[in-house]
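Take a look at it first, and then we'll go through it piece by piece.

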Amino acid sequence: MRDALAVSRSKNHLATAVVWTVAIVVSASFLLLISNIVWEGMGQISWTFLTDTPRNAGREGGIAPILVSTLLILAVCIAVSVPIGLGAAILLAEYSSDQHRFGRFIRRSLDVLAGMPSIIIGLFGNAFFCITLGLGFSILSGGLTLACMVLPIFIRAAEEGFRAVPDAYRHNAAALGLSQVTTLYHVLLPVALPAVVVGLILGIGRALAETAALIFTSGYVDRMPGSLLDSGRALSVHIFDLSMNVPGGERNAYGAALVLLILLLTINLMTHWIMRRFFRSRSVSP
Amino acid sequence: MSRWRRDKILLWALRSCACLAGTLLFLIVLFLFIEAAPALSNIAFTHFITDTGWHPVEGLYNLSPMLMGTLWATLGALLVATPLGVLSAVFCHYYAPPAVATPYRRLIELLAGIPSVVYGFWGLVMVVPFIAQYQPPGASLLAGIIVLTLMILPTIALIADASFANVPSHYLHSAAALGLSRWTTVAQIILPTAKPGLITAIVLATGRAIGETMAVLMVCGNVVNAPQSVFEPIRTLTANIALEMAYAVGNHRAALFVSGLALLIMIVALIILAERANGHRQHA
């Protein structure tokens with residue numbers, strides 16, 4: 001009996017040691033990764049790096065046109081996914097119950113879409129936007145392709161936001177005789193807005209991090225884009241190209257990687273801030 | 001315009017948005033099939049498994065080395081990342097003092113958001129040279145497994161963490177009342193209770209690993225090769241598409257879409273598996 005107890009106790013100690021070791025190893029390897037990028041990238045980032053054009057295949061110079069292309073791709077992506085996504089989310093939340101067949105079908109299809117590997121979305125974008133619609137390798141194709149990836153994330157978050165609006169609001173609006181359009185615009189949308197914004201920010205984060213879907217939709221060209229039909233290189237593609245295809249491009253790749261991480265961290269913090277600011281207070285009241 | 005008509009128009013606008021979003025998936029599948037059709041009709045299906053190699057220009061379309069590459073890299077990463085990820089979540093919930101658990105959780109959340117291209121870049125400048133010191137060339141299946149492990153670990157840890165949070169607290173109180181040790185509580189009560197969540201975590205991580213492109217493209221060496229050891233370079237299905245899509249034409253291009261279809265089938269199978277694991281639970 002005492003032996004069994006001793007065995008069990010030593011097992012417990014061993015487990016504690018293992019769990020702590022795992023936590024230390026995991027955090028150490030991740031801190032190694034982050035500190036490496038931050039340390040090496042810090043030396044590269046400067047005002048000139050952000051405002052200069054890349055020279056010598058990107059080994060020297062900066063990333064200005066790449067930042068512009070990235071922002072344009074994001075702008076296209078947002079401009080397309082916000083109206084469509086908002087419409088779909090409102091329909092799913094307000095006009096279709098859980099049992100409704102049409103709503104269920106759309107939810108399922110979006111769930112599967114959310115799990116699609118980005119390279120498959122990229123193949124589709126290349127076949128559909130670049131070739132079938134004739135947009136070629138362009139910022140427009142890239143942004144539209146990213147919109148396919150962002151939509152399921154955005155719709156899910158926005159739908160939750162509308163669902164969280166208490167029914168009393170709808171009943172009161174109906175009792176006041178407001179039309180559905182007015183109810184939606186003046187009652188539901190303002191209340192659901194923080195959730196919609198969080199969904200949008202999450203989507204932007206996903207789009208900003210994406211590389212594989214952009215390589216053969218928005219392309220590689222690192223010049224300043226003149227229009228949305230020009231090819232433009234996104235920041236993530238720039239990191240990939242510098243590190244894989246340009247010998248000696250590593251130093252600037254570190255700089256670009258740090259810029260990307262800072263952008264994503266900002267987005268992450270914004271999401272947390274909005275969540276804390278708007279959701280904690282509301283979740284207390286019924 | 002009467003408000004009745006405006007409401008009607010609104011409803012139809014919303015419906016068409018939802019339709020557009022809902023049919024996107026079918027459009028994607030349709031286009032994969034359309035683009036893969038030339039290969040599927042011109043090349044007998046067995047060619048994709050029995051040809052002597054992947055030389056699309058010479059009409060040899062054996063996809064199996066790439067398939068093996070994807071499977072080995074995924075399997076390796078899962079074997080390492082699953083215990084690490086689950087134990088990370090156990091650490092957060094049952095071992096770490098709150099002052100440690102919160103920053104640890106934030107770190108994992110942060111890592112879940114790091115782009116794959118950054119993981120790949122770090123693998124290329126740190127992991128590959130490190131392996132090359134002992135076993136050249138360094139860009140290898142092992143490097144791929146290490147980088148993929150780091151990428152899917154946050155996924156597993158976060159979902160496991162969430163499913164531990166759903167374990168009813170009276171289970172823990174009962175265990176404490178019985179005087180069970182911490183590890184016995186975790187191993188005998190927590191893990192079995194959270195099992196469906198853990199399976200979901202593993203399935204989602206598998207999907208992420210199979211579909212991952214950039215990280216493996218950057219560290220695996222990309223030699224079409226059925227690996228004999230973890231130190232040999234491999235090329236995955238996804239890397240193959242990313243590498244050759246830019247210049248592929250005709251049957252070659254179609255063959256790349258066939259490999260896209262193969263990926264799609266794997267992912268759909270995983271999604272079905274995940275739903276089974278969840279017991280057809282309807283999401284709220």
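## A buried arginine and its partner

Start with Arg170(A): at 18% relative accessibility, this residue counts as buried, because the cut-off is under 20%. Keep in mind that we're looking at a predicted model here. Which residue does Arg170(A) form a salt bridge with? The partner is Glu94(A), and the closest N and O atoms of the two are 2.7 Å apart. Glu94(A) sits in helix α3 (residues 64-95) of chain A, while Arg170(A) belongs to helix α7 (residues 167-175) of chain A, so the pair ties together parts that are 76 residues apart in sequence.

Is Glu94(A) buried or partly exposed? With a relative accessibility of 21%, Glu94(A) counts as partly exposed.

As a bit of background, side chains of opposite charge can pair when their charged atoms come close. How many salt bridges turn up over all chains? A search of the whole structure gives 12.

One of them joins the side chains of Arg156(A) and Asp111(A), at 3.2 Å from N to O. This pair links distant parts of the chain, with Arg156(A) in helix α6 (residues 139-163) of chain A and Asp111(A) in helix α4 (residues 101-114) of chain A, 45 residues apart. Arg156(A) is partly exposed, at a relative accessible area of 27%, and Asp111(A) also counts as partly exposed, at 31%.

Over in chain B, the side chains of Glu109(B) and Arg106(B) meet in a salt bridge, 3.5 Å from N to O. Glu109(B) and Arg106(B) are 3 residues apart in helix α4 (residues 98-112) of chain B, so about one helical turn separates them. Glu109(B) is partly exposed at 27% relative accessibility, and Arg106(B) is partly exposed at 33%.

## Where the two chains meet

Now step back and look at the chains together. On one side, 74 residues of chain B are in contact with 82 residues of chain A. Between them, the chains bury about 6900 Å², with 80% of that on carbon and sulfur atoms.

What about charge across this interface? The rule finds 1 salt bridge between chain B and chain A, and that is Glu275(B) with Arg108(A), where the closest N and O atoms are 3.0 Å apart. There are also 7 residue pairs in polar contact between chain B and chain A, counting pairs with both residues at pLDDT 80 or more. On chain B's side, helix α1 (residues 3-42) gives the largest share of the residues touching chain A, namely 21. Sorted by class, that side of chain B has 54 nonpolar, 10 polar and 10 charged residues.

## Inside chain B

For a contrast in setting, find Gly123(B) in helix α5 (residues 116-134) of chain B. Gly123(B) counts as buried, at 0% relative accessibility. Leaving out residues up to four places away in sequence, Gly123(B) touches Val128(B), Pro129(B), Val147(B) and Val219(B).

## Inside chain A

Chain A is divided as well, into domain 1 (2-44) and domain 2 (47-282). The C-alpha centres of these domains of chain A lie 35 Å apart, and their contact takes 7 residues from domain 1 and 8 residues from domain 2.

How much area do the two domains of chain A bury between them? The figure is about 700 Å², 70% of it on carbon and sulfur atoms. Across this interface in chain A the rule finds 0 salt bridges, along with 1 residue pair in polar contact (both at pLDDT 80 or more). The side of domain 1 of chain A that touches domain 2 has 3 nonpolar, 3 polar and 1 charged residues.

Note on methods:
Residues numbered from 1 in each chain as written. Chains lettered and ligands numbered in written order. Heavy atoms only, no water. Contact = heavy atoms within 4.5 Å. Buried area = accessible area lost by both parts, 1.4 Å probe. Salt bridge = Lys/Arg side-chain N within 4 Å of Asp/Glu carboxyl O. Polar contact = N/O pair within 3.5 Å; in protein donor to acceptor, adjacent residues only side chain to side chain. Helix = DSSP H or I, 4+ residues; strand = E, 2+ residues; numbered from the N terminus. Nonpolar A, V, L, I, M, F, W, Y, C, P; charged D, E, K, R; others polar. Buried < 20%, exposed > 50% of the residue type's maximum accessible area, 1.4 Å probe, protein only. Domains from an automatic or database assignment.
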